[in-house]
Amino acid sequence: MFKITRRGALQGAAGLLAMPALVERANAQSAFDWKLAKGEKLEVSLTANPRSVILIQNQKEFEDLTGIKVGAEQIPEQQHRQKFAIEFSTGKPSFDVVGISLHVNKRQVGRAKWCADIRPMIADASMTAPDFDFADFSAGAVAYSTQADGRMDTLPEFADPWIMYYNKDLLAAKNIAVPKTFDELYTAAKALTDPSKQIYGFVGRGLRNANVVLWTSFLLGTQQRDTIDANMKLITDTPDAVWAAETYAKLMRECAPPGSIGFNWNECQTSFMQGRAAFWIDGPGFAAPLEDPKRSRVAGKTGYSVAPAGPAHHHGALFGNGFGISEASSPARKKAAWLYLQWASGKANQVRYLAGGAGAPARQSAFRNEDATKGSNFPAQYFTALSSALQIARPGLPEIVPVTEFRDTIGTGLTNLIGGADAATELRKATEAFRPVLEQSERAS
Amino acid sequence: MSGNTATLSPAGAAIAPRRRNYARKYWMFIVPAGVVVVGVILFPWLFTLFMSTHDWKIGGGHTFVGLDNYRKLFTDERFLWSVLRTLYFTAMAVFFPMVLGVAAALIFNHKFPLRGLARTLFILPMMATPVAVALVWTMMFHPQLGVLNWLLSQFGIPPSMWVYDARTVIPTLVLVEVWHWTPLVMLIVLGGLASLPIDPYEAAKIDGASPLQSFWHITLPLLAPFIVVALIIRTIDALKAFDTIYVITQGGPGTSSETINIFLYLQGFAYYNMGYASAVVVVFFSMIVGLASLLLWTRKRVKA
C-alpha cells in the first residue's frame, strides 16, 4: 500500500514542475523548435470518422508538444463538405485547418484557392521538423494532394483503396474459393445466395450517389477504366461502362438482399456483420466493427482480399483525404496550422490509423511498422490486403468540380437498374443529363 | 347633433396635432424592430431574389442571367416531379393525421379509466426530436434486420420493403409523419372540444337527436375553426417536411422520395448552385404563401 510522505510529495511536485523543461529539452535535441507558435489557438474542422476520433483523442499530445491550444470539431461527411465550402466562400472560415475529401472536393478547393500552398512550408527548415520525412508519403497520396497547376494545397492524410470483405464460414460451408475476377465473384455469390435462410452472396451500395463508387470499381477492371477521357469528356455510356453497369445490376438484383437499392455503407456493414452476406466490396475503414465480438457475428471469421480483377485490368477504387490550411488564416495561425499538419499526418498518428483499422495511412512507413500491425486486433490478412490493394489502386471518381452531381445523376440510373431497367438506356440518359453540367463546369475552370 | 360636433371639434383639433407629435417624436422606438425586420426578413428575401437572377456557384463566380433560372426550373423534369411528390406526400401527411387526430380527440374527450395516462402516452411521439425519430424508424425499416418485418412475419404477412422500394417509400414516410404529428392535431381539437357549450347538446337531446346527429350538426360545425387551424399548421408543416425524409431516404431510392425541399437542399448545398436553388426558394415560398392564404380564407369563411 502506498503511503504519501512529505519527501515523496516534494519529489513529485518537483518532477511535475520540471516536466515542461524536460519536454523542451527533448525537443531541442531534435534541433527543431516545436514551440515556435506557442500560445496560438487553432480551430480544426474534421470529417467524422475513426481517423478524426484518433486525432482528437490524442490532441493533448500536440498541445503539450507545441503549447498551441486546439479546438477541434468533427462533422458527418456530407455536412462537413457543405460546411467548409460555404464557410470558405464567405472569406472568413471559422477554422484554420480542414480535412478535405480529395475524391470529392479537390478541384473545387484548388480552383477557388481556398487553401495555402504547403510546398514553401515543407521546404522551410525553420518550420518543418527534421523527422517529418516528406519522402515517406506514397507517391499516389502526394499526387492526390497536388493540384494540376502544381500547387500542393493539402498534406496527405490517408489513401484508402477499396477491398473485398468475405465471410469465411459461408465460403467454407460450400467449399468456394475467394474469387479472383468479377465473373468468379458473380458465380460464387450466386451459389451462396439462399433467400430461404436470408443468406445473400453479395452486399453492396445501392443508394443513389453512394452506389456510383461500386460501379466504378467494376469499370476500373475494363479497358476504359475511367469515367472521363483525357479531354474531360464524359465516357459513361460506352460498352465498357455498360458492362460495368450490367455486372453491378446482376450482382445487386440476383445476389444482394432485398432492399439493397437503399443501402449505403452502413446498411451493408450491418448485413455483413450479422452474417447475412458472403461478399462485400467497400472501403477498408469500415473493418473495425466487424472484428468486435460484442457487435459482430463475423468477428474472427472475416476474410480480406483485394477487389477482384476485371476483364482487362486489375484495380481497386482509391479515395483520399488531406489536411488543408485556410488561406484566410493569419500568418501566425498558418504557422501553428503547419505544425498541426506535421503532427496529424506524422508517423505516430499514421501508425495509429493502421493499427486501429481506420484505413490506409498515406505514409509508407506505417506499413513497415511490424510492431503496430502485430499488436492490432486485426488479422495479418487485413494488412496484407490493404497493402496489396494500395499497389493497384486508382482513383474511383473523376477529378471534376461537380462530383456530387455526377454521383447523383449516374447513381439514379444505377438504382433504376436494380429495379430492372436496361443498363445502356439508363447510362445514356444519365450521361446526357450530366454532360452539360460538366461542360459548363469545365468552361468555368 | 351638430351642436355636439361643434363642441367636440375644438378638442379634436387639439388632439390631432399631439398625435402627429407622437409620430415625430417617438419614431425611433420602432427602429430596433424595424432593423430586425429588415435584417432578418427583408434583406434575406431581397438577396434571395437577387441570387435567383444569377448563375451563382459557391467557389466560383456569379453572372447575371435574368429569369433563366426560372425558365430552367419549369422545364426541369426532376423539379416538376419533386413538386408532384411534395403534393402527394402533403395530401397524405395532412389527411391521415387530421382524421386520426380528430378521432383521437373525440375519444379522449370522454372520461374512461386511465385517460390521463393514455393521453400522455399518445402525445409522446410529438415530443421526440424529428432526426432521432427518423434514425430509429430507419433501423426499424431495415428489410432483413428491422423489427417491422419481424412483426409482419409473426402474423404470417410477407415482408415489406418499406423505404427501400420506390413504390412504397412515400406511403412509408407518411406513416412516420402520421405517427409523429397526429398528437398535435389531437391536442388542438381536444382544446376546441373542451370549449364547446353544453346547451346545444341538451337542446338536441330534448329534441330527440341521435349521438351521430349531434356530432354532425353540432360538434363538427362548432369545432370547424379549430380543425381549420390544425389543418393550416399541418399543411404548412407537411409541405416543409425535410428532416425526416432526408435522414431516412435522402430522397431515394433514386429520386422517388425527392420532394421540393430535398431538391432545393441538393441544388444549394450539394451541387452549390445557389442561384438555381434561390429560384426554387422563391417558387416554393410562393406556393406555401398561396396555399396558406387559401386556408386562411377558408377559415374566415368557416368563422363567418
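## Basis of the model

Residues are numbered from 1 along each chain as its sequence is written, and chains are lettered from A, with ligands numbered from 1, in the order in which they are written. In this predicted model, local features need pLDDT of at least 70 and side-chain atom pairs count only at pLDDT 80 or more, whereas totals for chains, interfaces and linings use all residues.

## Domains of chain A

The domain assignment divides chain A into domain 1 (6-160 + 318-395) and domain 2 (162-317 + 396-443); such bounds come from an automatic or database domain assignment. The C-alpha centres of these two domains of chain A are 30 Å apart. Their contact draws 28 residues from domain 1 of chain A and 24 residues from domain 2 of chain A, where two residues are in contact if their C-beta atoms, placed from the backbone, lie within 7 Å.

On the domain 1 side, the elements giving two or more residues are α5 (102-112), β9 (316-325), α17 (380-392) and β10 (393-395) of chain A. Helices (H or I, at least four residues) and strands (E, at least two) are DSSP runs, numbered from the N terminus. The largest share of this side, seven residues, is from α17(A). By class, the side has 14 nonpolar, nine polar and five charged residues; Ala, Val, Leu, Ile, Met, Phe, Trp, Tyr, Cys and Pro count as nonpolar, Asp, Glu, Lys and Arg as charged, and the others, Gly among them, as polar.

## Interface of chains A and B

The contact between the chains takes 29 residues from chain A and 21 residues from chain B. On the chain A side, α4 (77-90), α5, α12 (265-273) and α18 (403-418) each supply at least two residues, and α18(A) gives the largest share, six residues. The chain A side comprises nine nonpolar, 14 polar and six charged residues.

## Helix pair in chain B

Helices α4 (residues 77-108) and α10 (residues 211-240) of chain B pack at an angle of about 145 degrees, their axes 9 Å apart. Axes are lines fitted to C-alpha atoms, for helices over the stretch in contact, and angles run from 0 to 180 degrees between N-to-C directions. Residues in contact include F89(B), V94(B) and M98(B) of α4(B), and I227(B), L231(B) and R234(B) of α10(B). This contact has eleven nonpolar, four polar and one charged residues.

## Loop residue R167(B)

R167(B) lies in the loop between α7 (147-154) and α8 (169-194) of chain B. R167(B) is exposed because 10 other C-beta atoms lie within 10 Å; the limits are 12 or fewer for exposed and 20 or more for buried, with partly exposed in between. R167(B) and P253(B), 86 residues apart in sequence, are 9.5 Å apart in space, C-alpha to C-alpha.
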